[in-house]
Structures are given as C-alpha cells and as structure tokens.
Amino acid sequence: MTSAASPGRVVILNGTSSSGKTSLATGLAERRAAHGEMWIVIGIDDYLAKVPASWFEGGSVTGPYAHRGVRFVSPTAGETTLELGVEGRRLLAAYRRSVTAAVRTGLDVLVDDVIIDEPAWRDWCDALEDLDVVWVAVRCSDEVVARREAGRGDRYVGLARSQAREVHRFPPYAIDIDTTALTVDEGVDALDRALTERWQVST
C-alpha cells in the first residue's frame, strides 16, 4: 500500500459566465505544465452538461422533471437565470466534492466556478473544510461580458447579467483579475504571478 498523500493545492476561479474563467484556468494549467506541474481543471459546466434532458429546461427543451433538475429561465426580457431543483443541487454538491476528493489525493486542481447563491457558497464551505483554498475573483465589465456572451453562441443571453448580482458576494478573495482589457495571455501572466507570490509567502 502507498502512504497517504498530502493534499494538493486548490485554486477556485469565480465569476460570471463569459468573464474569462475557463481561458484563465486552461491557460494556467498549460503554463504550469511547462514547469512540470500537473494541474487538472474541473468546472461547474462539466457537471451541468451531464444533466439528462428529462431533468433540464433551456432554449427549446423542457424536460418533464426539470423543476427537480436544472432550469435556465428568462423571468425578464434580456436576462436568464439558473434555477436548481433538489436533484440539481445534489448534482452540484457532487461536483464540489469531486474537487475536494481530487485535492485530498494530492492532485492540484483549478476550479472554474460560478457561485450562484448563498446555498452554493455554504456547500463549498462544507466541502472545502480543512483545505487551503485560493479564491480568485474573475471580473469583467458588463459591456464586454455581454459582447462575449453574444459572440459565443453557446450561452443564454443575459445569464452573466443575472449572475453578477450574487457571484462575488461571499468568497474571501486572495487574488482579483479583471479581464476587461486583458488578452488571455496577459490574464494568465497576472494570475500566475499572483499565485507564485502567494505561495512563496506562505512557504
């Protein structure tokens, strides 16, 4: 039997849809790989994509059990909100615990997340108990996010706008990255530099 590994590092990038989290996470993983560090990227979208159609509502799809699963609804024109039923909450609880399970095996993990409300934040606190977590705020202006959202073609219009009201309310951020005027490489540079400085201070 092998001895238990020390926990790995966990960095959670939190921000609205289309704020640049995925690009930063994948770019940083590639940057660290060049130095022999293996980081895996786990994102909320990885799990939302696993919702069966019968438990999903969005666009032209309305599953018969969507009220128990995941719903993307438009309560007002130009805005979309994510609503979770009991099984949708369970799915995202599993996502958060998959992150902590990976970290406890010794893996370094980059998380691409959107904290949608206070219950989601409380669940993160429960899942991350006793782990050293670096919370990163990923911000972007409303205008630029809206352009990115429209240009991607795979996002519900107004999703970022609705998320902006809640997403940054709770985490105790150590690092703040504003991607409004940054290229992806510039954003990765800034994040890599900030993390390196933090880890040097903490060791």
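1. Arg96 is buried, with a relative accessible area of 5%. Buried here means under 20% relative accessible area, exposed means over 50%, and partly exposed lies in between (1.4 Å probe, protein chains only). Arg96 sits in helix 3. Leaving aside neighbours within four places in sequence, Arg96 is in contact with Ala120, Asp123, Trp124 and Ala127. Contact means heavy atoms within 4.5 Å.

2. A word on the basis of this note. This is a predicted model, in which local features need pLDDT of at least 70 and side-chain atom pairs count only at pLDDT 80 or more, while totals for chains, interfaces and linings use all residues. Residues are numbered from 1 along each chain as its sequence is written, and side-chain values use heavy atoms, with hydrogens and water left out. Helices (H or I, at least four residues) and strands (E, at least two) are DSSP runs, numbered from the N terminus.

3. Helix 3 against helix 4. Two packed helices are described by the angle between their axes and the distance between the axes. Helix 3 covers residues 86-104 and helix 4 covers residues 118-127; they pack at about 30°, with axes 10 Å apart. Helix 3 is therefore roughly parallel to helix 4. The cut-offs: under 35 degrees is roughly parallel, over 145 roughly antiparallel, 65 to 115 roughly perpendicular, and the rest oblique. Axes are lines fitted to C-alpha atoms, for helices over the stretch in contact, and angles run from 0 to 180 degrees between N-to-C directions.

4. The crossing of helix 3 over helix 4 is right-handed. A crossing is right-handed if the near helix is turned clockwise from the far one by less than a right angle, and left-handed if anticlockwise.

5. Which residues make the contact between helix 3 and helix 4? Helix 3 supplies Arg89, Ala93, Tyr95, Arg96, Arg97, Val99, Thr100 and Arg104. Helix 4 answers with Pro119, Ala120, Asp123, Trp124, Asp126 and Ala127. By class, this contact has seven nonpolar, one polar and six charged residues. Ala, Val, Leu, Ile, Met, Phe, Trp, Tyr, Cys and Pro count as nonpolar; Asp, Glu, Lys and Arg count as charged; the others, Gly among them, count as polar.

6. Helix 1 against helix 7. The axes of helix 1 and helix 7 (residues 184-202) come within 9 Å and cross at roughly 65°. This crossing is right-handed. From helix 1 come Ser23, Leu24, Gly27, Leu28, Arg31 and Arg32. Their partners in helix 7 include Val184, Asp185, Gly187, Val188, Leu191, Leu195 and Trp199. The contact of helix 1 with helix 7 has seven nonpolar, four polar and five charged residues.

7. Thr16 is in the loop between strand 1 (10-14) and helix 1 (21-33). Thr16 is buried, at 9% relative accessible area. Beyond its neighbours within four places in sequence, Thr16 is in contact with Lys21, Val114, Val145, Ala160, Gln163, Ala164 and Val167. Ser18 is placed in the loop between strand 1 and helix 1. Ser18 is buried, at 7%. Check its backbone: Ser18 has a positive phi of about 70° although it is not a glycine.

8. Asp130 is another residue to check. Its phi is near 75°, a positive value in a residue other than glycine. Asp130 lies in the loop between helix 4 and strand 8 (133-139). Is Asp130 buried or exposed? At 73% relative accessibility, Asp130 counts as exposed.

9. Val70 is in strand 5 (residues 70-76). Val70 is buried, with a relative accessible area of 1%. Its C-alpha is separated by 4.9 Å from that of Leu84, 14 residues away along the chain. Not counting residues up to four places away in sequence, Val70 touches Leu48, Val51, Trp55, Phe56, Glu57, Leu82, Glu83, Leu84 and Gly88.

10. Gly58 is in strand 3 (residues 56-58). Gly58 is buried, at 5%. Gly58 and Val73 are 15 residues apart in sequence and 6.7 Å apart in space, C-alpha to C-alpha. Outside four places in sequence, Gly58 is in contact with Phe72 and Tyr156.

11. Cysteines. How many disulfides does a search of the whole structure find? The search finds zero. A disulfide is a pair of cysteine sulfur atoms within 2.5 Å. Cys125 is partly exposed, at 38% relative accessible area. Cys140 is buried, at 15%.
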